Amino acid sequence: MTYTLYGAAGSGSVPVEAAMTLIGLDYRVIEAVTWEGEAERDKVAVVNPMRQIPAMITPEGETITESAAILIWLADSHPETRLGPRLDDPRRAQFLRWMTFISAAVYSMFWVRDVPSRLVGDDAAAQAEVRLRTAERIANCWGLMDSQITPGRFLLGEDLSVLDLYVAVASRWTPRRTRFYAEAPRMAEVMRRVDALPELQPFWSTRFPFTDDA
């Protein structure tokens with residue numbers, strides 16, 4: 001019952017890998033560093049025509065793409081782990097709201113900023129402006145989320161969820177944690193807690209090592 005995950009260290013596959021680690025699933029990662037060129041993207045094309053990671057193949061042979069979708073599916077498929085509110089849980093609506101918000105408002109910015117030429121061509125000044133504006137947009141989104149969420153020990157209360165894992169990884173990307181802490185002080189305390197989870201220490205050091213002041 002092995003899962004196959006197309007992903008890369010430091011990428012959007014990392015929260016999925018973290019969830020699978022916590023659940024205790026048997027999985028293997030096919031490294032596909034898609035931002036390094038066509039050959040890497042071609043690795044993923046066999047399972048995801050978008051040639052993007054993550055893409056997960058279940059033991060039954062079903063393909064699931066998009067970090068948020070995979071994380072929600074994993075939590076729903078393993079309710080005993082309490083990694084996501086169930087359908088009748090009053091926290092469910094906000095869980096879905098913020099999982100989708102990160103995907104749509106934050107994660108989507110990286111398709112633009114990682115390769116600005118996709119939208120503005122080879123104009124170096126325009127590319128620099130895209131990187132600046134997308135970083136500001138991401139920071140603003142973290143601030144908006146922080147102003148509308150009331151964390152407990154974790155983002156949705158006392159239980160760790162895949163939302164915590166998703167934010168823990170996405171907040172390590174540009175504009176990075178120092179800016180995230182400034183924009184989202186309430187979520188910052190939760191993310192430090194997630195970073196320090198004993199059961200994920202070997203995982204973090206292998207798949208996404210970072211310094212807290214980065």
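I found 9 of its 9 residues buried, so α8 is largely enclosed by the rest of the structure. Buried means under 20% relative accessible area with a 1.4 Å probe, protein chains only. Among the buried residues are Val-162, Asp-164 and Tyr-166.

I noted that this is a predicted model, where local features need pLDDT of at least 70, side-chain atom pairs count only at pLDDT 80 or more, and totals for chains, interfaces and linings use all residues. Residues are numbered from 1 along each chain as its sequence is written, and side-chain values use heavy atoms, without hydrogens and water.

I checked the start of α8. There a side-chain oxygen of Ser-161 comes within 3.1 Å of the backbone nitrogen of Leu-163.

Next I looked up Ser-171, in the loop between α8 and α9 (176–183). Ser-171 is buried, at 1% relative accessible area. Its side chain has a polar contact with the side chain of Arg-177, at 2.8 Å (N or O atoms within 3.5 Å, one able to donate a hydrogen and the other to accept it; residues adjacent in sequence count only if both atoms are side-chain atoms). A polar atom of the Ser-171 side chain also lies 3.4 Å from the backbone oxygen of Ala-168. Leaving out residues up to four places away in sequence, Ser-171 touches Trp-142, Arg-176, Arg-177, Phe-180 and Met-191 (heavy atoms within 4.5 Å).

Last, I turned to α3 (residues 67–77) and α4 (residues 92–107), which pack at about 155° with axes 9 Å apart. They are therefore roughly antiparallel (over 145 degrees).

Terms used: Axes are lines fitted to C-alpha atoms, for helices over the stretch in contact, and angles run from 0 to 180 degrees between N-to-C directions. Helices (H or I, at least four residues) and strands (E, at least two) are DSSP runs, numbered from the N terminus. Angles under 35 degrees count as roughly parallel, over 145 as roughly antiparallel, 65 to 115 as roughly perpendicular and the rest as oblique. Buried means under 20% relative accessible area, exposed over 50%, partly exposed in between (1.4 Å probe, protein chains only).
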